[in-house]
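Reader: I am new to this structure. Please walk me through the terms used for it.

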Amino acid sequence: MAKKGTMTSRDRVLASVRHQEPDRVAVDLGGTPSSGISTIAYDNLKRYLGINSGHTRVYDVVQQLAQPEDEILDRFGIDVLDIGRTFNTEDADWQDFALPQGITVQFPAWFHPVQQADGSWDAFIPDGDPSGLRIATMPQGASFFDQTYFPYLDGYPDDYEDLPREMSRIHWAGLAHSPWDHAGEPDFWQQLRERAIALRNTSDRALIVVAGCNLFEWGTFLRRLDNFLMDLVLETAQVERLLDALMELHLDTLEMVCEAVGDVADILRFGDDLGMDTGPFMAPKTYRALFKPRHTILCDYVHKNSQMHTFLHSCGSIYRLLPDLIEAGYDIINPVQTGTRDMEPERLKKEFGGDITFWGGGADTRHVLNRAQPKQVKDHVKSRLDIFAPGGGFVFNTVHNILPDVPPENIVAMYEAIDEFGGS
């Protein structure tokens with residue numbers, strides 16, 4: 001389906017990030033856990049396309065995201081790969097699992113959720129032990145695991161000696177996607193480098209390493225969102241203590257990531273959801289006081305110690321924060337949630353298109369991709385390409401992940417529109 005261009009996929013992505021217009025628009029599917037496709041939507045897509053081979057594998061169990069297979073990546077002209085896909089490559093790394101929606105998929109072999117009498121699924125630490133600590137639950141009929149354990153719910157600790165242990169009990173870390181589900185192995189960093197080099201030698205696609213290094217979000221994971229939002233105003237000294245402890249851990253991680261794959265990967269993906277539908281979670285002055293200096297340190301470290309471009313995943317309306325995020329050193333922003341306040345595509349491209357790459361915003365997954373007819377989807381995608389693609393600074397991706405309610409014919413229509421309107 002995808003048209004061939006004159007550039008390699010990697011060249012196409014790098015040109016886009018450098019604000020040079022590539023031969024055709026660069027495209028991502030599954031390069032990060034915020035630019036992928038849900039397991040149910042993926043399985044439906046394969047059935048629609050008549051693909052009966054391979055496996056529907058859930059590499060991110062929290063969000064129930066599928067790892068796109070080579071046949072899908074090739075068919076739709078995907079230009080990006082997550083280095084994490086080089087792990088869990090053997091059949092023995094996976095186990096069959098019947099989802100409530102009536103399809104059989106494969107979960108990582110280490111994941112053993114426990115079904116409850118009400119039909120919900122719980123995840124425990126130690127893994128699968130109902131007498132252990134419940135860290136996440138997926139209610140009956142849902143397609144996402146929700147956090148249930150907040151270690152600092154009742155207040156901040158006197159010191160942060162146990163911070164790494166408590167972080168490992170948060171479901172995002174305790175149920176981590178690849179490659180981080182292997183991070184505890186003694187030779188993990190050597191494995192990461194060797195597997196990344198092998199991927200580089202066998203693929204002409206751009207490579208992403210997902211590193212997280214969240215700050216605001218870790219505060220919400222540890223204290224719970226309502227508490228941490230109040231803390232930003234009422235307990236700023238405690239917030240700064242926590243952020244400093246997190247920074248120490250994050251910089252240690254970045255040092256190892258840069259040493260392992262900084263000369264192999266093209267992009268390092270950070271995450272920190274800063275926006276709601278109506279605007280940022282905090283006033284810009286609060287962001288500038290608490291988070292911007294630390295985000296700047298993280299970006300500077302990556303730029304000085306690797307060849308990688310910095311990518312920030314931040315949901316919601318972040319228009320008021322974009323000037324500060326650009327100054328902090330982020331090269332790429334995702335998912336470009338265009339349906340929220342002040343995030344109109346025309347405005348974003350006009351005001352910030354020369355300063356940051358928009359990785360997303362190509363199709364609205366909340367109102368269009370899941371509800372419209374295929375012809376409407378194609379028109380919608382064309383309008384987004386017309387706005388975002390000129391002059392580079394754009395990698396096509398949906399607004400966040402493709403969710404279970406998206407019909408497969410609309411996914412195909414989206415990629416047909418990219419073929420028709422995305423360049424040569």
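Reader: How many salt bridges does the count come to?

Author: The count comes to 27 salt bridges. Keep in mind that this is a predicted model.

Reader: What makes Arg12 and Asp23 a salt bridge?

Author: Their side chains meet at 2.8 Å, N to O. The cut-off is within 4 Å, for a side-chain nitrogen of Lys or Arg and a carboxyl oxygen of Asp or Glu. So the pair counts as a salt bridge.

Reader: Where do Arg12 and Asp23 lie?

Author: Arg12 is in helix H1, residues 9-17. Asp23 is in the loop between H1 and strand S1 (26-27). They are eleven residues apart, and the pair links distant parts of the chain.

Reader: Why is Arg12 called buried?

Author: Its relative accessible area is 2%. Buried means under 20%. Therefore Arg12 is buried.

Reader: Why does Asp23 count as buried?

Author: Asp23 has 13% relative accessibility. That value falls under 20%, so Asp23 counts as buried too.

Reader: What makes Arg12 and Asp79 a salt bridge?

Author: The closest N and O atoms of Arg12 and Asp79 are 2.8 Å apart.

Reader: Which residues do shared partners join into one network?

Author: Arg12, Asp23, Arg24 and Asp79 are joined by salt bridges that share partners.

Reader: How do you know that Glu166 and Arg169 form a salt bridge?

Author: Their closest N and O atoms are 3.9 Å apart. The limit is within 4 Å, so the pair counts. Glu166 has a relative accessible area of 12%. That is under 20%, so Glu166 is buried.

Reader: Is Asp162 buried, exposed or partly exposed, and why?

Author: Asp162 has a relative accessible area of 48%. Buried means under 20% and exposed means over 50%, so Asp162 is partly exposed. Asp162 lies in the loop between strand S10 (146-147) and helix H4 (163-167).

Reader: Which residues form the negative surface patch?

Author: Asp158, Asp159, Glu161 and Asp162 form it. Asp and Glu count as negative, so the patch is called negative.

Reader: What makes helix H2 mostly covered?

Author: Eight of the eleven residues of H2 (39-49) are buried. Among them are Ile40, Tyr42 and Leu45. The buried residues of H2 pack against several elements, including helix H3 (70-75) and helix H15 (408-421).

Definitions and conventions: Residues numbered from 1 in each chain as written. Predicted model: local features only at pLDDT ≥ 70, side-chain atom pairs only at ≥ 80, totals over all residues. Heavy atoms only, no water. Patch = residues over 30% accessible without salt bridge, like charges linked within 9 Å, V, L, I, M, F, W, Y side chains within 5 Å. Areas by Shrake-Rupley, 256 points an atom, 1.4 Å probe, with all protein chains shown as cover. Charge placed at Lys NZ, Arg CZ, Asp CG, Glu CD. Helix = DSSP H or I, 4+ residues; strand = E, 2+ residues; numbered from the N terminus. Buried < 20%, exposed > 50% of the residue type's maximum accessible area, 1.4 Å probe, protein only. Contact = heavy atoms within 4.5 Å.
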